[in-house]
Amino acid sequence: MLDFMFAVTHASHWHSINMNQFPGHYPLYSRMLGSSFVSRVEDITPGVWFNAFVPMKGVTIKYGVTTVDNLCSDLLNWNSLYLAGRMHKPIRIIKDDARVRLTQQVNLTSAIRTALLTLPENFSETELFERIAGFSYAGDIRMLLPAENRDLAPHTRAVHLRKLPKNLLSHLTEHYASADIPPREVDESMYWTRLASDPKLSLAIQHELEGIVRYPSTVQTIKGVVSAGFGKSLRYAGNKVGKWWKGFGSGQKSS
């Protein structure tokens, strides 16, 4: 199933037009309640409405709808990482948008910074990309990084740390609020250097990332039942379980 994400300016207006052109993409009750209902459900964190199992020119697709504002905000700040995490993977942009292109570059840079702060002293390119993809799920690339790319100096780590997305940085400062570290107001440079030098920083970042992702992903799963309808939701869940079981069976055989 091919996945698409449409970032639109006015969600309710877009759904109204799309619902008139392709009513079969939406469950019956959402058509009865109208585009305003769909857009209100979409607005719930992480701000996406999905139409799944849509036949299109001989293939089956799933497409999500969000607003450009919501997409750019998540790319910049990692409010939920639901959209930003997906855009850490290889994607194809069908229609370019200057604001999305710019915020996507920030998003990718943030992913590199976060990965560097959580990886050990020696790591491969495989591990780098797996770590980045692992912010939402694991990836697989095989090449080694040269030793010059290691990034361990406390000052350098502090620079990366201070430039992390706003929401993740807020979570981290709250995480360290009770630590024995001089307040930022006293010496901001020293504050970030002390945080960057903490041997448990990697675990703290991973813990806070899990906290950011957990709630919106849970909410979106529940919203999926509303947007797709009960029948499609069961079918989608069945496909996911089937993929998991296939992978589990392969793992058992190889071991």
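What share of the 255 residues in the chain is buried? Buried residues make up 40% of them. The model is a predicted one.

**Overall build**

The chain holds 12 helices and 3 strands. Its exposed surface comes to about 15000 Å². Carbon and sulfur atoms supply 58% of that area. Among contacts with a separation of 6 or more, 61% are between residues 24 or more positions apart.

**Aromatic rings**

The whole structure contains 7 aromatic pairs. One of them is W14 with Y63. Their ring centres lie 6.4 Å apart and their planes meet at 75°, so the pair is edge-to-face; the cut-off for that class is over 60 degrees. The two residues come from distant parts of the chain, 49 residues apart. W14 belongs to helix 1 (residues 11–21), and Y63 to strand 3 (residues 59–67).

Y63 is buried, at 3% relative accessible area. Ring pairs also draw F4 and F6 into a cluster with W14 and Y63.

**Charges over rings**

K62 lies over the face of F50, 5.1 Å from the ring centre. The charged end of R86 sits over the ring of Y82, at 3.8 Å from its centre.

**Salt bridges**

Side chains of opposite charge can pair when their charged atoms come close. How many salt bridges does a search of the whole structure find? The search finds 6.

| K62 | D3 | 3.6 Å |

K62 forms its salt bridge with D3. That pair links distant parts of the chain, 59 residues apart: K62 in strand 3 and D3 in strand 1 (residues 2–8). K62 is buried, with a relative accessible area of 10%, whereas D3 is exposed, at 51%. K62 is also the residue over the face of F50.

R214 and E210 sit in helix 11 (residues 201–228). They are 4 residues apart, which means a separation of about one helical turn. E210 is partly exposed, with a relative accessible area of 46%. Elsewhere, salt bridges with shared partners join R162, R184 and E188 into one network.

**A nonpolar surface patch**

Which residues form a nonpolar patch on the surface? They are L2, F22, M56 and V59. Together they have about 310 Å² of accessible area. V59 is part of strand 3. Its relative accessible area is 37%, so V59 counts as partly exposed.

**A buried serine in a loop**

S80 lies in the loop between helix 4 (68–77) and helix 5 (82–86). Is S80 buried or exposed? S80 is buried, with a relative accessible area of 5%. Leaving aside residues up to four places away in sequence, S80 touches P46, D74, I212, V213 and P216.

**Strand 3 in review**

Y63 in strand 3 pairs with W14. K62 in strand 3 is linked to D3 in strand 1. V59, also placed in strand 3, contributes to the nonpolar patch.

Conventions. Residues are numbered from 1 along each chain as its sequence is written. This is a predicted model: local features need pLDDT of at least 70, side-chain atom pairs count only at pLDDT 80 or more; totals for chains, interfaces and linings use all residues. Side-chain values use heavy atoms; hydrogens and water are left out. Rings of Phe, Tyr and Trp (its six-membered ring) pair if their centres lie within 6.5 Å; planes under 30 degrees apart count as stacked, over 60 as edge-to-face and the rest as tilted. Buried means under 20% relative accessible area, exposed over 50%, partly exposed in between (1.4 Å probe, protein chains only). A charge sits over a ring if NZ of Lys or CZ of Arg is within 6 Å of the ring centre and within 35 degrees of the ring normal. Patches are made of residues with over 30% relative accessible area and no salt bridge: like charges are joined within 9 Å, nonpolar side chains (Val, Leu, Ile, Met, Phe, Trp, Tyr) within 5 Å. Accessible areas come from the Shrake-Rupley method with a 1.4 Å probe; for residues, only the protein chains shown count as cover. A salt bridge is a side-chain nitrogen of Lys or Arg within 4 Å of a carboxyl oxygen of Asp or Glu. Contact means heavy atoms within 4.5 Å.
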